[in-house]
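Visitor: I am new to this. Please show me the model, and then I will ask about it.

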Amino acid sequence: MVDKVRLSVAMVTYNGEKYIKAQLDSIFQQLTEQDEVVVSDDGSTDGTMEILKEYQRKGYSIRILEGPKAGIKKNVEHALKQCRGEIIFLSDQDDIWKTNKVNRVLEVMDQEKCALVIHDAEVFYENPDKADMESFFAFRNAGAGVWKNIIKNSYIGCCMAFRREVLERVIPIPANIEMHDQWIGILSDFYFGKSVFLKEPLLSYRRHGENSSAMKHYGVGKMIRNRVVFILRFLGRILHIC
């Protein structure tokens, strides 16, 4: 075992057998012996666990955890708590990383001296070699900033990587906010300065009928509720109230 872990990839899984091999292959081909993949599985009933164990048996650096079964945000938190790397990449279970993703993100993080890098993604539905949407950034009018991303979130976890010190500010992740990626991105912006939005598509973002995140807007009532809850939790965190 290596003395120091360079980077951790935090992944959460649930019944992901259909796409997880493609995801893991795209990750492991660019990791080194100093890196690890940490997977928290939230009770899969398909072949996901067997696939993960197969990678372990083959000698890949992958740690498999039993998830808390309390929803995706708490499962992400569970995986993050076990990450040992100095840099942490978030990963979904069903996308495909471009071959230069890790090196390019680390290069930019070093050049910009920033705490968090988020890169662009191509979106596809059937064929990963043919993008149905060339830029997720353009779709979301993406950019850094606390209030910008409270009003309209442009953080997407599967495209994010951040330094270890960000973890100390974002854990625990509140259970009643909409998504963990918005929480991590905004708190990083607040505590460490604006994140770098890298306008390079370093991931093929797979859309299918079982995604945990939506590409459509909620109704007005739920949108207002989500923002109010987020602001209250955000203020509570930065004011050390909760």
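Visitor: Is Leu232 buried or exposed?

Guide: This is a predicted model, in which local features need pLDDT of at least 70, side-chain atom pairs count only at pLDDT 80 or more, and totals for chains, interfaces and linings use all residues. Residues are numbered from 1 along each chain as its sequence is written, and side-chain values use heavy atoms, with hydrogens and water left out. Buried means under 20% relative accessible area, exposed over 50%, and partly exposed in between, with a 1.4 Å probe and protein chains only. Leu232 has a relative accessible area of 55%, so the residue is exposed.

Visitor: Which helix holds Leu235, and what is the relative accessible area of Leu235?

Guide: Helices are DSSP runs of H or I with at least four residues, strands are runs of E with at least two, and both are numbered from the N terminus. Leu235 sits in helix α9, residues 220–238. Leu235 counts as partly exposed because its relative accessible area is 33%.

Visitor: Which side chain of opposite charge is nearest to Asp41?

Guide: Asp41 belongs to strand β2, residues 35–41. Lys and Arg count as positive and Asp and Glu as negative, while His and the chain ends are not counted. A salt bridge needs a side-chain nitrogen of Lys or Arg within 4 Å of a carboxyl oxygen of Asp or Glu. Asp41 is buried and has no salt bridge, and at 6.7 Å the nearest side chain of opposite charge is Lys69.

Visitor: With which side chain does the side chain of Asp41 make a polar contact?

Guide: A polar contact is a pair of N or O atoms within 3.5 Å; within protein, one must be able to donate a hydrogen and the other to accept it, and residues adjacent in sequence count only if both atoms are side-chain atoms. A polar atom of the Asp41 side chain also lies 3.1 Å from the backbone nitrogen of Gly43. The side-chain partner, at 2.6 Å, is Ser44.

Visitor: Is Asn75 buried or exposed?

Guide: Asn75 is in helix α3, residues 72–82. Contact means heavy atoms within 4.5 Å, and leaving aside neighbours within four places in sequence, the contacts of Asn75 include Asp41 and Gly67. The relative accessible area of Asn75 is 3%, so Asn75 is buried.

Visitor: What is the phi of Lys69?

Guide: Most residues other than glycine have a negative phi. Lys69 lies in the loop between β3 (62–66) and α3. Lys69 is not a glycine, yet its phi is positive, at about 55°.
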